[in-house]
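Welcome! Here is a friendly walk through one protein model, from its sheet to its aromatic rings. Have a look at the structure below before reading on.

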Amino acid sequence: MGWSVDILRKNGKGNIQDIKNIINIFMSRGYTNCGAYDNGRYYRLSINKPMFDDDLPYYLQDESDSILANVDLIPSDDWWSNERIKDFPEKFKGYKDYFDFEKISGRSFMLLNFFHEYFKLVPEDVLWNCYSKDKHFYTKADIDRIYSKKEWDPSWIYTDPNEQ
């Protein structure tokens, strides 16, 4: 299960403040190396854990030590983007991809912690697991509910949020 997940925004447009917020969230959670690379139409982010630390905080205990993400500054309006969003549920019509995490396998705890903090800043955005069989959508309320469980399932991101 190594596919990506996307954040959707009503207008699909990101900005430099989004990039700063994303990096600040990871830095506040104990990540020590976050880089942003300007590719013109989008920024590519590289986020890494500390390389050597025997006492990692509990929220850094995922299998992987890094993750890559892309933040679109200009919404894509190509055939593939439009094809992917044409079957959105009615309440998400008008939303577009603007931010995606690549290769999420082994990173479910990292992502749950990140999304919990991210949705405090941008509660109207939506998390979309576009590669799961049923293409699940997670709102801030869904993430808060999953995050607040005493025990959570590491496969939460592959599961319908209404069944959790």
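## The sheet and its aromatic rings

Strand β1 (residues 5-9) and strand β6 (residues 126-129) run antiparallel and are joined by three bridges. Across this pairing, aspartate 6 stands opposite tryptophan 128 in β6. Please keep in mind that this is a predicted model.

Stepping back, β1 and β6 belong to an open sheet of seven strands, ordered β2-β3-β4-β5-β1-β6-β7 with antiparallel pairing. At the edges stand β2 (33-38) and β7 (136-138); each has a single partner strand, so one of its sides has no neighbour in the sheet. On average, neighbouring strands are turned by 25 degrees against each other, direction ignored.

Helix α3 (residues 108-121) lies across β1, β4 (66-72), β5 (96-101), β6 and β7, and runs at about 135 degrees to β5.

Now to the rings: the structure holds 15 aromatic pairs. Two of them are set out here.

| Pair | Centre to centre | Angle between planes | Arrangement |
|---|---|---|---|
| Phenylalanine 92 and phenylalanine 137 | 4.8 Å | 15 degrees | stacked |
| Phenylalanine 115 and phenylalanine 119 | 6.4 Å | 35 degrees | tilted |

Phenylalanine 92 sits in the loop between α2 (79-85) and β5, and phenylalanine 137 in strand β7, so their pair ties together parts 45 residues apart in sequence. Phenylalanine 92 is buried at 6% relative accessible area, and phenylalanine 137 also counts as buried, at 15%.

Phenylalanine 115 and phenylalanine 119 are four residues apart in helix α3, so about one helical turn separates them. Both are buried. They also belong to one aromatic cluster with Phe26, Phe99, Phe101, Phe114 and Tyr118.

How values were computed:
Residues numbered from 1 in each chain as written. Predicted model: local features only at pLDDT ≥ 70, side-chain atom pairs only at ≥ 80, totals over all residues. Heavy atoms only, no water. Pairing = 2+ DSSP bridges. Helix = DSSP H or I, 4+ residues; strand = E, 2+ residues; numbered from the N terminus. Axes fitted to C-alpha atoms, helices over the stretch in contact; angles between N-to-C directions. Contact = heavy atoms within 4.5 Å. Phe/Tyr/Trp six-rings, centres within 6.5 Å; stacked < 30°, edge-to-face > 60°. Buried < 20%, exposed > 50% of the residue type's maximum accessible area, 1.4 Å probe, protein only.
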